[in-house]
Amino acid sequence: MSEQKLERAEAELAERFFRVCSAAACAQVAGASGREPLLVEPRTYCESCGGSNNRRAVTDFLEACQRKGVRRVVIVGGSPAVREELEDQLAGHVELRMVDGTERHTGEKARHNLEWADLVLVWGATELHHKVSAHYTGGPPATSRKVIHVTRRGVAALLAEAITHLKR
Ligand SMILES: [Zn+2]
């Protein structure tokens, strides 16, 4: 086949098939794409997650949020790099507020965030001062219901704990 023909054939395949890994979340994304799912190995070829646990966790998380009507999420703590990554992946799907766990944070600001949010992830085991996290924990039941204290590191773990909470 000539180069041009090859390109056209590839474009036609891409239009018809959604390359997807074996993860349930990715199968759902493929199912919603309107294209025929095509199981691929290794999962780095997956059009949904690209083989990344983080991206898969993001897909799962957004799906859980949608199901539970969660639109506003506050994340307290985490490193600047991780906050940036989360912002990149979640922005446009949920409204996000990030709280730097190492900076001064007033009780009033925290109260506003608690009122505003549908879900608050307090991310311990990261760059999070007790002074900051204390504003978010131990509140009245109306707000503490929304607050999840996550103790594991990593974006995938953070979102997995949030999903578990949302499924309750
Ligand atoms: Zn996948």
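Biologist: What order do the elements of the chain run in, from the N terminus on?

Modeller: In this predicted model, the order is α-β-α-β-α-β-α-β-α-β-α-α-β-α. That comes to eight helices and six strands.

Biologist: Why is the chain called more spread out than a compact globule?

Modeller: The globule rule gives 15 Å for 168 residues, while the radius of gyration is 19 Å, well over that value, so the chain is more spread out than a compact globule. Along its principal axes, the C-alpha trace spans about 65 × 30 × 25 Å. Buried residues make up 29% of the 168 residues.

Biologist: Good to know. Which residues touch the most other members of the largest nonpolar core?

Modeller: Ile75, Val76, Val120, Leu121 and Val122 do, in a core of 26 residues. Two or more residues each come from helix 3 (53-68), strand 3 (72-76), helix 4 (80-90), strand 5 (119-123), strand 6 (147-150) and helix 8 (155-167). Strand 5 gives the largest share, five residues. Another core lies apart from this one, with eight residues, including Cys21, Cys26, Ala30 and Cys46.

Biologist: What makes you say that strand 5 is largely enclosed by the rest of the structure?

Modeller: A residue is buried if 20 or more other C-beta atoms lie within 10 Å of its own. Five of the five residues of strand 5 are buried, so the strand is largely enclosed by the rest of the structure.

Biologist: Which way do the residues of strand 5 point?

Modeller: Leu119, Leu121 and Trp123 point one way, Val120 and Val122 point the other way, and all are buried. In a regular strand the side chains alternate between the two faces of the sheet.

Biologist: Which residues does valine 122 touch, leaving out those up to four places away in sequence?

Modeller: Valine 122 touches Val76, Gly77, Ser133, Tyr136, Thr137, Val147, Ile148, His149 and Val150. One of these, histidine 149 in strand 6, stands opposite valine 122.

Biologist: How do you know that strand 5 and strand 6 pair, and do they run parallel or antiparallel?

Modeller: Pairing takes at least two bridges. Strand 5 and strand 6 are joined by four bridges, and they run parallel.

Biologist: And which strands are joined to strand 3?

Modeller: Five bridges join strand 3 to strand 4 (residues 95-99), and the two run parallel. Here arginine 72 has glutamate 95 as its bridge partner. Strand 3 is also joined to strand 5 by four bridges, again in parallel, with leucine 119 as the bridge partner of valine 73. With at least two bridges needed for a pair, strand 3 pairs with strand 4 and with strand 5. Strand 3 is mostly covered, as four of its five residues are buried.

Biologist: What makes the β-α-β unit of strand 3, helix 4 and strand 4 right-handed?

Modeller: With the strands pointing away from the viewer, a right-handed path from the first strand over the helix to the second runs clockwise. Strand 3, helix 4 and strand 4 make a right-handed unit of this kind.

Biologist: How do you know that the reach of helix 3 is close to what is expected?

Modeller: Helix 3 has 16 residues and reaches 22 Å from its first C-alpha to its last, close to the 22 Å expected at 1.5 Å a residue. Glycine 69, with a positive phi near 70°, follows helix 3.

Biologist: Which residues of helix 3 are buried, and what do they pack against?

Modeller: Arg56, Ala57, Val58, Thr59, Asp60, Phe61 and Cys65 are buried. They pack against helix 2 (24-32), helix 4 and helix 8.

Biologist: Why does histidine 165 count as partly exposed?

Modeller: Buried would take 20 or more neighbours and exposed 12 or fewer. Histidine 165 has 18 C-beta neighbours inside 10 Å, so it counts as partly exposed. Histidine 165 is in helix 8, and its C-alpha is separated by 16 Å from that of valine 155, 10 residues apart along the chain.

Biologist: Lastly, what is the omega of the peptide bond from glutamate 41 to proline 42?

Modeller: Omega is near -5°, and the bond is cis. Proline 42 is found in the loop between strand 2 (36-39) and helix 3.

Methods
Residues are numbered from 1 along each chain as its sequence is written. This is a predicted model: local features need pLDDT of at least 70, side-chain atom pairs count only at pLDDT 80 or more; totals for chains, interfaces and linings use all residues. A nonpolar core is a set of buried Ala, Val, Leu, Ile, Met, Phe, Trp, Tyr and Cys residues joined through C-beta atoms within 7 Å. Two residues are in contact if their C-beta atoms, placed from the backbone, lie within 7 Å. The expected span of a helix is 1.5 Å times one less than its number of residues. The radius of gyration is taken over C-alpha atoms; the globule rule is 2.2 Å times the number of residues to the power 0.38.
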